[in-house]
Amino acid sequence: MIARLLLILSVSLSALCGVSLRAAEPVKILFDTDMTTDCDDAGAMAVLHALADRAECEILATVTSVPDPNALASVDAINRYRGRPDVPLGLVKDGGVKMPSKFTGRIAREFPHRVVSGSDFPDAVEVYRRILTNQPDRSVVLVTVGYLTNVSRFLQSPGGMELARAKVTRWVCMGGNFIGDPPKDDLSLGNVNFQRDAASAHHAIHRWPGEIVFAGREVCSVPSGLAIGSALAGTPADNPVRRAYELYFDGAARDRHVADLAAVLVAVRGLTDCWDLSAPGRMDLREDMTFSWIPDPAGKQRYLLKKPDNDRHVERVLEALLVAPPKE
Ligand SMILES: [Ca+2]
C-alpha cells in the first residue's frame, strides 16, 4: 500500500516537475554532441554508457553536431571501448561548425573505430528521422550537448516537426545562463553552443514543439564551480575518455566543468536529489543570442536550478559514473 502511494506520488511529482523520476524502463536516448572543443563531451559519453550498463538508458544513436570525421571517430571509439560498437552514428554533412580540437585527431589515430571517412556515414538529420520513426510515440529523450545545427535542420526536414511532437518526450539542452529571478536578459553571452550556429539555435529553440529542459551554464559549466575528471587517471590507459582529458590538459587528466555530463544525467535519471527545476516558461532567444525568460504557467520550457549546498554531491554522483569501468 505504501509502495503504491509512493508510486502515485512519484507520478504526480513527475507531472508536476515535467521531468520524470527514475523510470522503470530504460530511457531511450538520442545523443547529439559537438565532441571537438571541450573534453566534457567525452565525459558525457562515459556517463551515458555507465547509465546504459546499469540498464537505466538505451542509447539509440550518437551523432555529432559538427562535420569533423575525427569527432565522429572519437564518438565511435568511446562506443566501442564501452562495448557498444554498433550504436548508429551520424554527422553534419553540409556546412556546420568547424573548430580545432586538442583531442579528437589523436583519439582517431590511437584508438580503434570504424570511421574511415565521414562520407561513409549518414547525415545526423537522417539518423534523427530514422531513429524517431521507428520508436513508439512519446518514448525518446533528445540530449544536445553541442550546437543545434541538427535539431534545426531536423525540424525543417519533411515531417520533422510532427516526428518531434509525436516521438520525443523531452529535449534536454545544455545551454543558457539563467542567473537572477527572473533571469537577467543578457546572460547567454559566452554560451558557445548557441553562438557558433546562432541561426540554428534561434530556430530550434523557438520552434521546438515540445518540452525543453535547459541545463544552464551557471548550474553545470565553468561558472557553476563544479569540476571533475582528475579521477580518470585511475582508469585504464586504453580508456579513450581518459585520453581525451589528458590531451585536453596537455598531460594528466584534470578536473573540468561538468556541463555535458550533467545534461546526460538529468536526461536519464531526472532531477533526483541533484537539482531542482524552474517554474515553466519560455526562452525568448534573440538573434544576438541574448535572451529573456518569459514566465508562463502553460510554458513547455524549464531550466535546472542548483540545490543549496549540493555541488559536492552532484560531483560525486557524476564522478562515480565517469570512472565506472565498462560492463563485463
Ligand atoms: Ca559539448
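Which residue in β10 is the bridge partner of Leu 277? In the predicted model described here, that partner is Leu 304. Residues are numbered from 1 along each chain as its sequence is written. Because the model is predicted, local features need pLDDT of at least 70, side-chain atom pairs count only at pLDDT 80 or more, and totals for chains, interfaces and linings use all residues.

The pLDDT, the predictor's confidence in each residue from 0 to 100, averages 92 over the protein, and 90% of the residues score at least 70. Over residues 1–21 the pLDDT is below 50, and this stretch has 16 contacts in the model beyond near neighbours in sequence. Two residues are in contact if their C-beta atoms, placed from the backbone, lie within 7 Å. Where pLDDT is low, the predicted coordinates should not be read in detail.

The protein has 13 helices and 10 strands; these are DSSP runs numbered from the N terminus (helices H or I, at least four residues; strands E, at least two). Two strands pair if DSSP finds at least two bridges between them. Strand β10 (residues 301–306) pairs with β6 (residues 212–215) in the parallel sense over three bridges, and Phe 214 has Tyr 303 as its bridge partner in β10. With β7 (residues 275–277), β10 pairs in the antiparallel sense, over three bridges.

Of the 328 residues, 54% are buried (20 or more other C-beta atoms within 10 Å of the residue's own; exposed, 12 or fewer; partly exposed, in between; C-beta atoms placed from the backbone). Arg 316, in helix α13 (residues 311–322), counts as exposed because it has 10 C-beta neighbours inside 10 Å. Its C-alpha atom is separated by 8.6 Å from that of Ile 228, 88 residues apart along the chain.
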